[in-house]
Amino acid sequence: MIQYQKIFVAIFLCSFSSLAYEITLTRIFSISLWYHFAFMIISIAMLGIGASGTLLSLFPKLKNLSNIGIYCFLLGVCISLSYLVSNQIPFDPVRLSWDKAQVLSIGLYYIILSIPFFFAGLVIATAFSSMSEKSGLLYGADLLGAGIGSMGILYFMSIQGPDTSVFILSSISLLASFMISGKKLRVVSLIIILVNLCILFFQPMFMNLRMSPYKGLQTALKYPGAEYLKTYYSPFSRIDTFKSPAVRFAPGLSLRYLDMLPEQIGFSIDGGEINAITKSLSSATSFLRYLPSALPYEIRTPPSPPFNSPLIKGGYRRGQGGMGGLEDVLILDPKGGLQVLVAEYYGSKNIHKVESNPLLLKIIRDELKDFSGGIYTENTWSGLGRSWLKPVQEKFDIIDISLMGSVPSGSFGISEDYRFTVEAFKEYIGHLKQDGLLSINLFILPPPRIELRLINTLIASMEELDIKDIEKQVAAIRSWGSICILVKRSPFTLHDREVIKEFSKDRRFDLIHYPGIREDESNIYVRMPSNEYFTAFKTLLNTEIRTQFIHEYIFDINPVRDNSPFFYYYLKLKNINETYKIMGEKWQYFIEEGYILPVVFIQVLFLSLILILLPAFSSNPPLPPFSKGGMEGLSGKKFLPYFAFLGIGFMFVEVSFIQKMILPLETPSYAVATVLTSILISSGIGSLLSYRISNLRSPFVMLVLSFLIIAYSILIPTISDFLSPHVMPVKIISIFFILMPVGILMGIPFPTGLKILGEKNKSLIPWAWAINGCLSVLTPILTVMLAMTMGFKAVLWLGALAYLMAFLTLKRL
């Protein structure tokens, strides 16, 4: 007989490894495919867990405690095997536009990657079915293991990449099998652990991650003469450095510049976003003056030598470009540092740099210091720019934001971005000096939508700052491939307007807007069939016709706010046919916009319904009425919706918390790790407390929980603002404890329900487990779909409603 204490430890280890594997898969998907596919992992995990309950309902003999060791063993084996097999699936979202069979590959991912979670579910569901009287302790061990695993994996991935971490997690599950299995299985478990270690130390190439051939890194390395340099890992990103002709990083460079560019080293983030580090100590840095992004420095810098002077042609020495320079410049997300070089070129004295990727800062500051000229050795911080600004009293002459990599590419519609919301722009504009400039540079990606949403969001932020005559404080120019948008804290002066016109004329850039512009001044050098940029900017800056234009425009260009920070989501359902034609009758755009979500949702809904309904159609469905107790005469069918409401409510709240904590914690990875750790550990504590304190098993706990969730939905923006200025360790610890009260209450209803079922009819427990798991599969996808239209606050309210329905169900029964 297996000792109960060993079962608790085994559940802890299996939950540790399965949750850590779930987080590892989010990093693997971000690198091998794209970040927007990583959200599917939660659904994949819960699908496997739900399937385990269905199997135990159909085959009750599998609910034997002696099988737990086998399930632990299979979990350990399948963690490594599922990664290796899925790594060979030839799925690529780019190919969806011409290869419809790629949709089937998504289903294949779901099946293969859900298998480890299926065995993890068998471990836990078997224990619940056999030991329902100890459901509080079991659920506590499950959640505590999962919570600690969500943080432990960050340590593993800080040492090695996510592919290596997979085999470590496999060994942890096998350790649980070794601990509680018979002699033969213990030997086999030990052998496989040794095999995992041998792969880690002697054959690391065996587990290398396959990357989509259409990602930026793979494309750049195919160019003749391309050279791969080195790969760097952190728990939150992978950065590859390389040299390639594909990296000619000078966004929007004037066609009048005919000389060579300085030497550049390219880098990719998670294999996709391409940027470059420019060799700064070079006589060829005069190209910086020919960039559209140099415009704000020209406006704010004292007169310099004539444009065609020998000094310009030969290139300035760094720090003397403008012969006077600016006092204070802030550059947000400078990446490879091109805009830092522009600021130095124009003689800026105090250049502050805030980069959101700490690994990139470390690489450029430490390993490429000589090549980059030490641009990040001082006045450099890591974090989200708007959070860094919040406690800062200093005002800036220029705040410089770049949206660009080395090649134009759209961002996926379901990617949240808190840098470009109304609240963010209010922070930026509020930190400008009276004559300060906010500069935003981006690639042109026709048809116009990114730049129009950007200007709309800027207008909304300026209106909320009570800025009058907004049209007089906005300017924009475009080159052959990029746009520079300027917002000034005060109206542009006559001198400013003359500089803008002269700058554009000398470099053959086209004017889009400046105060008082005439239409015949625009669309001159790089002519477009229609002067749509001029028309759109002029219309949006006109308060009388702006609303009608936004309503009638083919894309959704409404301002974006923190409650629904999907800046890159532009699709209007009513215009889907027209959009399809404009996009060349290709479906790729709809995939990028997030419309793969309904496809995935339909697939998952179909699988979940099968798993939920199978026990009802089995030869011996577990639906006998309760024969005794306070719920006499009640059939199990009437009680099962309780577990459905719990699955929906838990995931609505958890996923929404993760999304809302991205802002104070600055990266999705920090948010996932911190929120999961807090919610799971506190829920585990709640489960343990409910086992000891019978009053906590009252239905009214869910009523209190519903009101608490609503309170959190109202208070989160204030909490986020309060935490943003603090250092990262303080923010992580604070959020951990702030979420604990709601987490503790979220951990009570599920073991309470299982205890009741165990007392009345144990045969229902696996089915309840399946229903809870399957509804948890659908909810993460549904959360994102609802948040795009309603915002995360509304989703939290729906989570509160689900717990309220669970309260009413239990109270009624």
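In this tour a residue counts as buried when its relative accessible area is under 20%, as exposed when that area is over 50%, and as partly exposed in between, using a 1.4 Å probe and protein chains only. Leu-194, with a relative accessible area of 45%, is therefore partly exposed. The model you have open is predicted, so local features need pLDDT of at least 70 and side-chain atom pairs count only at pLDDT 80 or more, while totals for chains, interfaces and linings use all residues. Residues are numbered from 1 along each chain as its sequence is written, and side-chain values use heavy atoms, with hydrogens and water left out.

Begin with the whole protein chain, where 63% of the 813 residues count as buried, and colour it by secondary structure to bring up 31 helices and 12 strands; these are DSSP runs numbered from the N terminus, with helices being H or I of at least four residues and strands being E of at least two.

Next, select helix α7, residues 183–202, which holds Leu-194.

Now turn to the aromatic rings, of which the structure holds 27 pairs. Select Tyr-345 and Tyr-346, whose ring centres are 5.4 Å apart and whose planes stand at 75°, so the pair is edge-to-face. Rings of Phe, Tyr and Trp (its six-membered ring) pair if their centres lie within 6.5 Å, and planes under 30 degrees apart count as stacked, over 60 as edge-to-face and the rest as tilted. Tyr-345 is buried, with a relative accessible area of 1%, and Tyr-346 is buried with a value of 1%.

For the last stop, select Arg-186 and Phe-178: the charged end of Arg-186 sits over the ring of Phe-178, 4.7 Å from its centre. This description requires NZ of Lys or CZ of Arg to be within 6 Å of the ring centre and within 35 degrees of the ring normal.
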